[in-house]
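Here's a quick tour of a protein model, meant to be read with the structure open beside you. Take a look around, then work through the points below.

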Amino acid sequence: MNDQQKSKKQLIQELSELRQQLEGLTGYPTLSMLEQSFELPLKSRKSCYPGEGEFKNLVEKSPDAIVRFDRNLRFLYANSITIEVIGIPTTQCIGKTIYELNLTSKNHQAWKAHVERVFTTKKSVTFEADFTNYKGRHFYYHARLVPEFSKDGSVPSVLCTFRNISELKKAELELRASEERNGKLLSSLPDILFFLTNEGVYLDYHVTNPLLLYKPHHSRIGKHVSEVLPAEQAAQIMATVKRAIKSGKMQFLEYQLPINDVICTLEGRIITYNSDSVLVIIRDITELKHLRQELTRLDQLNLVGEMAASIGHEVRNPMTTVRGFLQLLSNKEECKKFQDYFSLMIEELDRANSIISEFLSLAKNKKVELEKQNLNTIIKTIAPLIESNAIMSNKYLHLDLQAVPDLLLDSQEIRQLILNLVHNGLDAMPPYTTINIASFVQDDQVILAIQDKGIGIPPESIEKLGTPFFTTKETGTGLGLAVCYSIAARHKATITFDTGSQGTTFYIKFNK
């Protein structure tokens, strides 16, 4: 390690040792003796006190530049290494002030302030600064200014020792730049990073968004995961930690936590960090999980739609023929006694035909007639039909329609979407309750909201909503909500919902 690479601590220690060595010499020189010695040419100087030769040898061989100033910042002495620092011979410095050496005003003011402080307080001063010498070389240095006392206790001069710390400063700046880069990288990560001991105690963590934490910051460090997380999730994490330690490879887990009143799905990656700890990387994949489910559901819708489009017409044709003959036979006198059977068969054929129609509504490439029209107009048109259906089951309809801009809509499809959602809502509600239909603008989107007063959607059914053939009704086909999702997709709209024990609200969000 060269002199420039030594730490500040080493520098201060060496300067202190140098000072002690100087003070320990036999017959330590007075200020006047030192001045006489330093001001004489090197060859003509004679030993004017015991130990002078040893003192001069120590100062001249010092790895630090050593300079003496008077109160006017005049050079009284400079050792040989000062030549390398300043860039001009020592003989040209002695007797001149730093002003006469044409140093920059920045250095003038800094040195003047520090030297004046030593003369005023009679105490040592240390500081760091940068400097460009006469040869254009730029470097950083660490300086220490020490007051020199005369016999009467006054301070006629200051002894300065300074060391080139450019390499140290460069390493420090590189470290700061590296820390800044790492800080920016960490702040951009969506993940939460935890360091755990192999036994599961939190050592440290980093989180960009504190709202993603299950518990606040202060309740984590030094605690076991079982003290922070629910028992099931803590056990799951510890089992994964053990697998990571045993295998030496990254291990994965997936679990759920209620964060900010929302059930979040989290993905964890655990890998050994060293022999005593592991790194845990946690990512919120709730939205990703939802998107995956949505893609799966859409794939199923598309598959069913393609099947329906390919076989729907072929199935309908023989069904129409069968229905026609059943109607013909039911009118014959000799078949009157089987009238109930004929009616039941015709009813079932009509039911099968309606299912095929719903199948065809799922078709991905179904043609839509988009026209500029107002959503409120469509709602008002079918409101009497909805109200009559509600009254038949002792339920009520309430409309809350705010002004909304016109949209490109297929009125028939939007009617079907509204009727399907309202029909589901009415089926879920007890008598003497009200279903609400609202429209409004929010965040540059037109929102259609349909709210029922049922008991909510069971948690185990939420992920399956919109999947073809999934239904909770005894007589349902499981296609109504799937058709709604298909219609929304063809209108580049999205469907979301809120559900609870007080009911469910479906939101259909159209872009303006």
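Predicted model: local features only at pLDDT ≥ 70, side-chain atom pairs only at ≥ 80, totals over all residues.

**A first stop, then the wider view**

Is Ala352 buried, partly exposed or exposed? Partly exposed, because its relative accessibility is 28%, and the buried label needs a value under 20%.

**More on Ala352**

- Val315 is 37 residues away from Ala352 in sequence, and in space their C-alpha atoms are 9.8 Å apart.

**The protein overall**

- The protein has 512 residues, and 40% of them are buried.
- It contains 14 helices and 17 strands.
- Take the contacts with a separation of 6 or more: 55% of these are between residues 24 or more positions apart.

**A five-stranded sheet**

- Follow the strands in the order S7-S6-S10-S9-S8 and you've crossed an open sheet with antiparallel pairing.
- At its edges are strand S7 (202-207) and strand S8 (251-259), each pairing on one side only.
- From one strand to the next, the twist averages 25°.
- Strand S6 (residues 192-197) and S7 run antiparallel and are joined by five bridges.
- Which residue of S7 stands opposite Phe195? That's Asp204.
- Helix H8 (residues 231-247) packs on this sheet, where it touches S8, strand S9 (262-272) and strand S10 (277-284). The direction of H8 makes about 160° with that of S8.

**Aromatic rings**

- How many aromatic pairs does the structure hold? There are twelve.
- One cluster is linked by ring pairs, and its members are Phe69, Phe75, Trp111, Phe127, Tyr141 and Phe162.

- The mean pLDDT of the protein is 79, with 77% of the residues at 70 or more.
- Confidence is highest in strand S15 (residues 445-451), at a mean of 95, and lowest in helix H2 (residues 31-39), at 40.
- Residues 1-6 have pLDDT below 50, and this stretch has 14 contacts in the model beyond near neighbours in sequence.
- Over residues 24-52 the pLDDT also stays under 50, and the model has 38 contacts for them beyond four places in sequence.

Definitions and conventions:
Residues numbered from 1 in each chain as written. Heavy atoms only, no water. pLDDT = per-residue confidence, 0-100. Helix = DSSP H or I, 4+ residues; strand = E, 2+ residues; numbered from the N terminus. Contact = heavy atoms within 4.5 Å. Pairing = 2+ DSSP bridges. Axes fitted to C-alpha atoms, helices over the stretch in contact; angles between N-to-C directions. Buried < 20%, exposed > 50% of the residue type's maximum accessible area, 1.4 Å probe, protein only. Phe/Tyr/Trp six-rings, centres within 6.5 Å; stacked < 30°, edge-to-face > 60°.
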